[in-house]
Each structure stands twice: as structure tokens, then as C-alpha cells.
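I opened the model to look up a few items and wrote them down in the order I checked them. The entries follow.

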Amino acid sequence: MLNYTLRRLGSLIPVLFGMSLIVFFIIRAIPGDPARTILGEKASEAAVESLRADLGLNDPIVIQYFHYLGDLLTGDLGTSIRTSSEISGDIWPYLAATMELAFVAMLIAVFVGVNAGILSAWFQNSIFDYTAMIVALIGVSMPVFWLGLMEQWFFSLELNWLPSIGRESIRDPVEPITHLYLLDTLINGNLDQFFTVVKHLILPGVALGTIPMAIIARMTRSSMLEVMRSDYIRTARAKGQRMLLVVYKHSLKNAFIPVLTVIGLQTGLLLGGAILTETIFSWPGIGRYVYESIQYRDYPVIQSGILVIATIFVFVNLIVDLLYAAFDPRIKY
Amino acid sequence: MKQKKWLSWLLVPAACVVIAGCSSEEGSSEGEDETADSDTQDTLVFGRGADSTSLDPAKETDGETFYVTQQIYDTLIQYKPGTTELEPALAEEWDSNDDGTEFTLQLREDVTFQDGTEFNAKAVVANFERWMSSEDYVYYGSMFGGYGDEEDNIIENVEATGDFEVTFSLRQPSAPFLKNLAMSPFAIASPEAFDTLEEEPVGTGPFTLSDWRRDDSITLDKNEEYWDEGKPHLNTIIFQVIPDNSSRLTALQNGEIDLMDGVNPSDQSKIENDENLQTFMRPPLNVAYMPMNNETEPFDDPVVRKAVNHAIDKEALINGFYEGNAETAKNMLPPTVDGYNDEVQEYEFDPDQAKELLEEGGYEEGELTIDLWTMDNPRPYMPAPQKIAESIQSDLSDIGIDAEIQTLDWSTYLEKAQAGEMPSFLIGWIGDNGDADNFLYTLLSTGSGNNYAFYSNEEADELMAEAQAETDEGKRAELYKEVQEIIHEDAPTVPLVHYESIMAGSDTLDGYIPAPTGSERFTDVSFTE
């Protein structure tokens, strides 16, 4: 298992190298000049030219790439062109915000999705099954920004139950320690704030979790149906075991592997793909960090931000693969 | 045994969701109480679309930066709220010699910087020396012409001629000089803090920085030592980033924020119908226009330029793309600026007259084909560049001019504009200092880098130079009025519109007056309940 883990970690190197290469050259293919973007339309051509030189943008592009790669190898993620501060120092609060949101979204998605999938398979062709699968179909095809705006309108504006934006009460901000606010409020022993943070997580969590939830539900259902038709399940039922146990113990265990794969992939996607949710709910996460940088042509932030997201993506999937063995003893690494 | 493992997978999230669900019920009532304090509210939350770049105004050019730095720093002279007229700030009074080449400012003697450093003439000189020192200080170069000892830098010398007296000697007369001093980038910072201003701003202003979370919020606290006694009224201002315009409005309606910019014009009536909200209009200090290259065919012929001026239906543009929040432009100068000539007769929208003009000029229908360039992304003054271009294209085709629309990304667009490679295109100008010079001289004097129309009229040039040296405001205004007559007659551009942006806020908000220059002080803002 250790061997496998190391091998997988080793495979990160070509992945990240490839990513860095693609990202580096693609973002430079977008029209637009960082120096001009920073200085604005009123700056003189001379000022723009001198900033370009300062930023090293006049070097041949290959040289620029090797500079960047060299910095990366020494663990230096670079300096933001927009804020001129170190990216490695800036990136954590954004990452923490996204991780917290993605965690809650996946919590909702897994809990609801898996159970809905199981029940649909159990009571196949029942009203519940049809309803759940239609809802799941709608969930998959629902545009996140529309769902988010509707949630805000209904739960914040009409019912006044939940706050519409942000991670915390704007007028009573959380004292950041780890930047994971659920944790920080508990460390500070401020339960009121903890519940406020939880409240702020619900609407964006649901908006972000809806698509994975629907995918997980459909995947669980089809995987369960397959397993429940197999011989050993028939045997278990024949010997008179209770249906609940047959479904949740015997069937789910075997049906869960593909579901786990989907959960892993979706978690990875949420980390990088939460831009829409983060924008609508004004969530200062990593998706928006990278997105804003694209607008400013802040090359170092785009490059390093995407690399960090890619690394996490690979890690999440590694963890999922290791979890296979925990679920299914037949799988050994 | 083993089933416990996977059961916990389901149970833990279940428990969490239940806890979350319960707490949300409990917590929501608290949430509402936050704003409904029995005392008068003294925290203002301002929702806006993006974060400040840094908090050193001298280095930045973006409005989001100035929104915040305007509260932390003071300028020597400031704009009266809602106008571009000047009033004293850190300088109590000022004087100039007759030809406008020497300005003397008397400074307030009771001011200290927020870090305890004394504010005096030396501090002012140090600030100017800093801005002149490098091209990092973009606005300095753009407003004062150049840096250091360069001939183009209109400030030849800044000198502390007393403890609280500063004298500026200029290389050439510049009446707009005083207006420049009121601009947000030329705010006076503590010389002790020059190296760290970007993250830790130190000025003399009504508020101090308390907390900055990038792309999230900036919190300012009241400066208890502020020199203007009894002010500010607010204790705290929070600048909250909410990127999406609709979400920002929901947050305002929900009481999570108190004031916002970037209102979708289509939401305006919704806000006006909400009794808890009010709208504010920012007076326009801008012009959207269509330069025509006066040096190349066919626009070297004034007849064609006039015909195009008659052909474009500006009202249709305003109703179609500005949702009514703009006024038609007949001058390149917006009406908020001193010297605006209201006597100028607008080229009316009249395709028939345009056609006649072309016929008289000897052009046959369909003979003229032009390229009409537009930018790829919206700008504040050009909310739908592609569609506006299409509308103009169809107006032009009605008078027999065949226009082909070309699109380019912004930075290449500017380069091409400066090089004169686009015969006609869409662009705009947002005023910097509220002076007529900043529009007319900058956009239409011979040789100016922003004279995209490559317009050149000796008489206009002379009048504008004369106005730069004229220190009597009334006489200056007359000169600019004359310049506008000349420009109108030559029609080097099509002035399209002056757009107004909408702000919205809670109806308990008092004393908030949007500034035409884009960033207002919150010194006089308070809440009525």
C-alpha cells in the first residue's frame, strides 16, 4: 500500500509538469497585456513598456517558462502581478474558504444522493423511484447561478431565514486563525458565530452540492440495482435476512465502489469549479481568486492557482483509491 | 463489526446536517437583530463589485482603490460634494501669480497623520518628490506631464516656503493645476509610511484601516483625532465585495449591506418601489464618443463628418443600451464641468439632412465604405459595444454609408487608436479632475496622445493654451465655450452620450452625495434611525 501511494505521488510530477506547460502557454495566448491592464488606459506607452520590462514580460516566452519552472522547483509559487505579494502566502485563505464550502456541499450531496439512490433501487419503479430520478435529472441540468439566485430570493428575501451572501456576518466578522471558519469559531469558543457561519454555508452548499447530489443518486441507483440482482443477494434474502440489512450492508458495500469514484471526482471538480457559486454568494474562494486573476492577466496567480487545484484534485482521487481497499477487502495495493 | 464503518459514513453527515438545520432556525432571528440596534446605526456596509488593488492611491488607477483611500487620506484641496468645484481641505487657502506659473498654498496647522507624524509643508513636499520619482506613480505622469527634471513635468519645483506654506513653480502656466490637486491619487500620505502604504495606509483622513481580507472586505474605523471636529459621524465603514449585481441587490434588500454601486438599470424601478430603499444618481463626468480620423479619407472631409453626426440616433442608443440612464451629448464636455457651452446646437438626428449633405458634397449613395471598430468587452461608458456598433452601422446604412464592424481586444484597441489605424471607432473618456482642459485639451488638441480623431485646429489650440494660462475662472469658461463652438463646427467626432450610474442604499442613509469624479468621502454620512 505504501508502495502504491508513493508510486501515485510520483505520478504527480509528470501531471503537474504537463499542467504547468499547458497553463503557461494557454494563458499567454489570450489577448491582453498585463502591464496595460494594471496601469489602465490613461498610462503612457512608455510607462506600460517599463512595467512590461520590470515584470519580465519582454523575455522570450521559453525563458519566462524556465524561470517560472525554476521558481516552482524551489517551492516558490511566484508573486502576484496585481497585488505584488507572495502567492504562497496569499492563497491559503482562499483555499480554506473553498474547502469549507466544498466539504459542506459534498456532505449534503453524499448524504442525500446516496440515500436517495439506495431507496430508488430498493423500491424500483415505485413513485419514490420515479420522483427521485426526475428530481435528480432536474438537479443535473439546473444552472447553478439560477439555482443560487432563486435560493437567495426565496430563503433570504421572502422567508428571511438565511443570509444571502458571504461566509460570516459582515458586521460581526470572525477572527481568522486557520481560515476554516467552522473551526475558528469553535477555537474562539464563539458558538453564536459558529451557527452564523453554518447558516452562511447552507445556501451556497446546497447550490454547489445539487449537481453532485444528482449524479451520485443516479450512480448509486444503477450500481445498487446491478448488485441487488446478483446471486449472493438472492441467497441472503433466501436465508431470511431483513431487507434493511440486505440493502444497506450486503448490497451497498459492493455497489459503493463506483459511487466512491464519482464522489472523488466530484469533490475534485467542486474545489476548482465553484466559481459560479462563489461569485453569486460572494464567497472569497480559490475559484474567484483565479477568475479575478484572469481578468487582470495576473499570469503567476493563474498558473499557480491552477497548479494548486490540480494537486488537490490528484490527492483527492488518491485518497478515494485508497478508500477502495477499505470498502472492498478484495482490492489490495 | 464491519458495517459500523460504513454506517458512520452515513451517520456523521446526517448528524451534521441535522445540527446545521436546527441551528439555522435558531440563528436566523439573531441575524435580524444585528442591524436593528436600539441606538442609531453607526456602521456602514458598502457593497461593491471588486476589491481595491492596493491602498496606495498614488500608484493605482482603479476606482475601487480610490473608494477606500478617499476615506483614509485627505487631499490638499477637495471637491465640494456632488460637484467639481473646489473647497479647502488640508490647504486652507491658495493663491497664484497672474500668469498661472506659481501657486502658493497655506496649510492647516492642526493636523497630524494617523501614525502621529506631524503634517506640515515638508510632508507635502516629500509626497510630491515621491510621485515625481518614478513611473510607478502613473497618475502623476498622466496629470502633470512627466517625472523628475523632465521638461514635460509641469512642476519645476515644490518648496516648503514656511512651516505651513508650500510653493509650486510651474514650467508652463496651468490653470487646471489646482483641480489636479483635488484628485484622489494626489492624497497626502505620512512620509514615515511611504514604503508600506500599499498594505498599511497612513493618511490624515477621517478613517483608518482596521482589517483587510483580500477579495472579501476592507474595514475602516473612525479616526478619533480627525481634524474636522465632530466628524466623521460613522464609527465603521466596511467595503464588502459582492461580485454579482443581483446578489448585491438581494443583500441590500435583506439589510446585509447599506449602500451599493453597480445597480442593473433594469432593477432601478424595483428599488424605487421599495420603501426601504433609495437611489442616488452619480452626476456624469464622462463622454462616450466616436472619433473619426480627420486625416484620412473619407473623414478628412468635414461634410462627411457632419453627415455622420446627423445620421446617428443617440436617443435610440440611450433607450436601447443605457436603459435611459444617459443624456445625449452635443459637446465633448459633460454638462457638470465649468465652461460647458449649452448654446451649441446639437446635430439633430435627421437622416434626410445627412443624405442631402452627402449629395451636396458630391458623394453618391453607396460610394462610402468605412470600417467601424468596437471593443470586445463592455466599458462603463459603452455597456454593449457590439450592439451599439450595430445600431450605428444601421443608422449609417440609412444614409448610404456602408460600415463594416471590426472588433479587437482592449489593449490592442488602444494601441491601434493611438497609432491612428482605425478610421472610426467607439471610445469614451472618464474625466479625471473635473476641468474642461481634461476633456477638450486632452482629447482634441493637436498632438495630444488621446486625440484619437487626429483633429487639428490652430484657433482652437490657441484658445485652449490661453485657457491653460488664464487664472480667472469666468474668463476661462468663456474661452472653453468658444472652443466648443469651433469644435462643433468642425465636427471631428460624434459625441454620443454622457452616462449616469445608479447607486442604491437604505432609506435611513443620510448625507450621502455621489461625486462626479467617482469616489466620494463618507465624512458627512450618517443614519437617521
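I take a contact, or touch, to mean heavy atoms within 4.5 Å.

**Conventions.** This is a predicted model, in which local features need pLDDT of at least 70 and side-chain atom pairs count only at pLDDT 80 or more, while totals for chains, interfaces and linings use all residues. Residues are numbered from 1 along each chain as its sequence is written, chains are lettered from A and ligands numbered from 1 in the order in which they are written, and side-chain values use heavy atoms, with hydrogens and water left out.

**Entry: Arg82(A).** I started with what Arg82(A) touches. Not counting residues up to four places away in sequence, I found Glu292(A), Tyr296(A), Asp298(A), Thr53(B) and Asp215(B). Arg82(A) sits in the loop between helix H4 (61-73) and helix H5 (87-122) of chain A. Helices here are DSSP runs of H or I with at least four residues, strands are runs of E with at least two, and both are numbered from the N terminus. For burial I use relative accessible area: buried is under 20%, exposed over 50%, partly exposed in between, with a 1.4 Å probe and protein chains only. Arg82(A) has 9%, so I noted it as buried.

**Entry: Asp215(B).** I then followed one of the contacts of Arg82(A), Asp215(B). Asp215(B) lies in the loop between strand E10 (207-213) and E11 of chain B. Its relative accessibility is 4%, therefore Asp215(B) counts as buried. Phi of Asp215(B) is near 60 degrees, a positive value in a residue other than glycine.

**Entry: helix H13 of chain A.** Glu292(A), another contact of Arg82(A), is among the buried residues of H13(A). How many of the 10 residues of this helix are buried? I read 7 over residues 286-295, so H13 is largely enclosed by the rest of the structure. The buried ones are Ile286(A), Gly287(A), Arg288(A), Tyr289(A), Val290(A), Glu292(A) and Ser293(A). Just after H13(A), Arg297(A) takes a positive phi of about 50 degrees.

**Entry: His179(A).** Phi of His179(A) is near 75 degrees, again positive in a residue other than glycine. His179(A) is in the loop between helix H7 (144-158) and helix H8 (181-187) of chain A. I logged His179(A) as partly exposed because its relative accessibility is 21%.

**Entry: the loop between E11 and E12 of chain B.** Gly230(B) is in the loop between strand E11 (217-222) and strand E12 (236-241). At a relative accessible area of 61%, Gly230(B) is exposed. Gly230(B) and Asp524(B) are 294 residues apart in sequence, yet 9.9 Å apart in space, C-alpha to C-alpha. Pro232(B) lies in this loop too, and the peptide bond from Lys231(B) to Pro232(B) is cis, with omega near -5 degrees.

**Entry: a cis bond at Pro298(B).** The peptide bond from Glu297(B) to Pro298(B) is cis, with omega near -5 degrees. Pro298(B) lies in the loop between strand E15 (286-291) and helix H8 (302-311) of chain B.

**Entry: aromatic rings.** I pair rings of Phe, Tyr and Trp (its six-membered ring) if their centres lie within 6.5 Å; planes under 30 degrees apart are stacked, over 60 edge-to-face and the rest tilted. The count comes to 32 aromatic pairs over all chains. Phe194(A) and Phe195(A) have ring centres 5.5 Å apart and planes at 70 degrees, so I noted this pair as edge-to-face. Phe194(A) is buried at 15% relative accessibility, and Phe195(A) is partly exposed at 22%. One aromatic cluster in chain B includes Phe103(B), Trp131(B), Tyr140(B) and Phe186(B).

**Entry: chain A as a whole.** I counted 14 helices and 0 strands. Of the 333 residues in chain A, 53% are buried. Among contacts between residues at least 6 apart in sequence, 73% join residues at least 24 apart. The C-alpha atoms of chain A fill a box of roughly 85 × 55 × 40 Å, taken along the principal axes.

**Entry: chain B as a whole.** Chain B has 15 helices and 24 strands. Buried residues make up 57% of its 529 residues. The corresponding C-alpha box of chain B is roughly 95 × 70 × 45 Å along the principal axes. For contacts in chain B with a separation of 6 or more, residues 24 or more positions apart account for 68%.
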